[in-house]
Amino acid sequence: MKELEDRIRRDGVVKPGNVLKVDGFLNHQCDVALFDDMGAQWARIFAGKRVDKILTIEASGIGIACLAARHFGDVPVVFAKKTQSINLEGDQYVTTVYSFTKQREFPVIVAKKFLAAGEHVLLIDDFLANGKAMQGLIDICTKAGAIIEGIGIAVEKGFQPGGAMLRKAGYDVESLAIVTSMDSETGTIKFA
Ligand code: 5GP
């Protein structure tokens, strides 16, 4: 998606350790018009698929998932939480994933009442790197018996293995921008 690539080129900052900082429009300050255009693009790409619900993960997935939902008939958006609350374990689907940016494990939690067997789900997240966050959402859907219709990613870092791993597993992964290489010294970012 050219609009997203242009924005990454303009405002993205390449940090050492293969981290792309996009807090000016995606991860801290949010460009809602851009999010809306991204949602419209996913709706075109996934047209014809049954989407009952969008599932994402806090925090940065929430904004893009909510705007996307407007283009999928205002379906509910559920976001997985990364911290436990006082709810009983039995009321929740829980799995554990490793965070690329925080370099530690964290839980992924969804209340059972918000994800039902047989529901058709679109998974959305801001970044795809090693695929751990997405694997966590897939685990949750598997536990719930929900059907994954597709995976919408804003920025895929194509030089990390998550995208290839998920496509090999048979998932329909649609990334709006795929970074093929980036250099923290020159600031250069290349797209597929
Ligand atoms: P994965 O689990 O695929 O390794 O990483 C995806 C998650 O880590 C995303 O939810 C995102 O929050 C974070 N992430 C991974 N790489 C980057 C990056 O280069 N920049 C930013 N801002 N977040 C990233």
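In this predicted model, Gln160 is buried, because its relative accessible area is 9%, which falls under the 20% cut-off. The residue sits in the loop that connects strand S8 (147–157) to helix H5 (162–168). Leaving aside residues up to four places away in sequence, Gln160 touches Asn18, Phe100, Ala129 and Asn130. With Asn130, 30 residues away along the chain, the C-alpha separation is 5.7 Å.

Glu149 is buried but has no salt bridge, and the nearest side chain of opposite charge, that of Lys49, lies 4.5 Å away. The Glu149 side chain does make a polar contact with the side chain of His120, at 2.5 Å. Beyond residues up to four places away in sequence, Glu149 touches Lys49, Arg50, His120, Val121 and Asp172.

Turning to the domains, the assignment gives domain 1 (1–49 + 150–192) and domain 2 (50–116 + 139–145). Their C-alpha centres are 20 Å apart, and the contact draws on 19 residues from domain 1 and 10 residues from domain 2. About 1100 Å² is buried between the two, with carbon and sulfur atoms giving 71% of that area. On the domain 1 side, Phe35, Asp36 and Lys49 lose the most area to domain 2, together 34% of what that side buries. The count of salt bridges between the domains is 0, whereas 3 residue pairs are in polar contact across the interface. Helix H2 (32–45) and S8 are the elements that each give two or more residues to the domain 1 side, and H2 gives the most, with 8 residues.

Methods: Residues are numbered from 1 along each chain as its sequence is written. This is a predicted model: local features need pLDDT of at least 70, side-chain atom pairs count only at pLDDT 80 or more; totals for chains, interfaces and linings use all residues. Side-chain values use heavy atoms; hydrogens and water are left out. Helices (H or I, at least four residues) and strands (E, at least two) are DSSP runs, numbered from the N terminus. Buried means under 20% relative accessible area, exposed over 50%, partly exposed in between (1.4 Å probe, protein chains only). Contact means heavy atoms within 4.5 Å. Lys and Arg count as positive and Asp and Glu as negative; His and the chain ends are not counted. A salt bridge is a side-chain nitrogen of Lys or Arg within 4 Å of a carboxyl oxygen of Asp or Glu. A polar contact is a pair of N or O atoms within 3.5 Å; within protein, one must be able to donate a hydrogen and the other to accept it, and residues adjacent in sequence count only if both atoms are side-chain atoms. Domain bounds come from an automatic or database domain assignment. Buried area is the accessible area (1.4 Å probe) that two parts lose on being put together, summed over both.
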